[in-house]
Amino acid sequence: MAELDAHIAEVEANVAVLKALLASDDFPDEEENPS
Amino acid sequence: MTDVTSETLRRWRQSRGWDVPRMARELRRVARDSGEDVAAHHGLVKMIPQWERGDRAPRERYRLLYLKIFTDALSGLPPVEEAVELALRVAEVRSRAARLPGPGDVRVLEAATLTRPRGRMTPAEIRALAEAAIAHLHEVAGKLEELSALLGDDEADGASHERA
């Protein structure tokens, strides 16, 4: 059960990072070179 | 033991993960422990399927041996509180697994993330992250199957990781 928990946590963490990257507004090019 | 059907004998044996020869060994073991005289192993191997099919009923001494094995097995079960806690834990972990995205969803997320003009991670890192997530999803699926087999239930885990 602990192993299953660990795998679920890994998926949740990786997906959270991907979602955060997708939602991130932190794009230096856009911020540094406003047109 | 009179209300135990032949089918119950088979299901109970299988729930223990025992094949017929193992059931025969257990009956002989319990008989030996209590000083009973029972049929030879190969005789029991023939009789057990007959009892389980209902072709013939086990004689009293065998019914008592079954009863002894059942009682021993029941005394080995965890207390009710622990069983309830375990059931809740299983339900919780299944619920978490069911909320996970499927491999296809991860691929979509990966592709969408890669379309961003620049992120804090390189495309290779993003791909590696998605690959790892999918690999863990497969592990989750495998572990859920093991868990279901262990618990002897047919409950569909409902995990979205099965989605394409």
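## Report on a predicted two-chain model

Glu26(B) lies in helix H2 of chain B, which covers residues 20-33; helices (H or I, at least four residues) and strands (E, at least two) are DSSP runs, numbered from the N terminus. The model is a predicted one, in which local features need pLDDT of at least 70, side-chain atom pairs count only at pLDDT 80 or more, and totals for chains, interfaces and linings use all residues. Residues are numbered from 1 along each chain as its sequence is written, while chains are lettered from A and ligands numbered from 1 in the order in which they are written.

Glu26(B) counts as buried because it has 20 C-beta neighbours inside 10 Å. A residue is buried if 20 or more other C-beta atoms lie within 10 Å of its own, exposed if 12 or fewer, and partly exposed in between, with C-beta atoms placed from the backbone. Apart from neighbours within four places in sequence, Glu26(B) is in contact with Trp18(B) and Ile69(B); two residues are in contact if their C-beta atoms, placed from the backbone, lie within 7 Å. From C-alpha to C-alpha, Glu26(B) and Ile69(B) are 7.7 Å apart, although 43 residues separate them in sequence.

The two chains are set out below.

In chain B, 62% of the contacts with a separation of 6 or more are between residues 24 or more positions apart. Chain A has a mean pLDDT of 76, with 69% of its residues at 70 or more; pLDDT is the predictor's confidence in each residue, from 0 to 100. Over residues 27-35 of chain A the pLDDT is below 50, and this stretch has five contacts in the model beyond near neighbours in sequence. Where pLDDT is low, the predicted coordinates should not be read in detail.

The contact between the chains takes 20 residues from chain A and 29 residues from chain B. On the side of chain B that touches chain A, helices H5 (80-98), H6 (103-114) and H7 (123-151) each supply at least two residues. H7(B) gives the largest share of that side, twelve residues. The residues of this side of chain B comprise 18 nonpolar, three polar and eight charged; Ala, Val, Leu, Ile, Met, Phe, Trp, Tyr, Cys and Pro count as nonpolar, Asp, Glu, Lys and Arg as charged, and the others, Gly among them, as polar.

The axes of H6(B) and H7(B) are 10 Å apart, and the helices pack at an angle of about 170 degrees. That angle makes H6(B) roughly antiparallel to H7(B), a term for angles over 145 degrees. Among the residues that meet here are Val106(B) in H6(B) and Ala133(B) in H7(B).

The largest nonpolar core has 19 residues, and those with the most contacts inside it are Ile8(A), Val11(A), Ala130(B), Ala133(B) and Val140(B). Such a core is a set of buried Ala, Val, Leu, Ile, Met, Phe, Trp, Tyr and Cys residues joined through C-beta atoms within 7 Å. Helix H1 (2-23) of chain A gives two or more residues to this core, as do H5, H6 and H7 of chain B. H7(B) contributes the largest share, eight residues. Leaving aside neighbours within four places in sequence, Ala133(B) is in contact with Val11(A), Asn14(A), Val15(A) and Val106(B). A second, separate core of eleven residues includes Leu9(B), Ala24(B), Leu44(B) and Ile48(B).

Technical notes:
Axes fitted to C-alpha atoms, helices over the stretch in contact; angles between N-to-C directions. Parallel < 35°, antiparallel > 145°, perpendicular 65-115°, else oblique.
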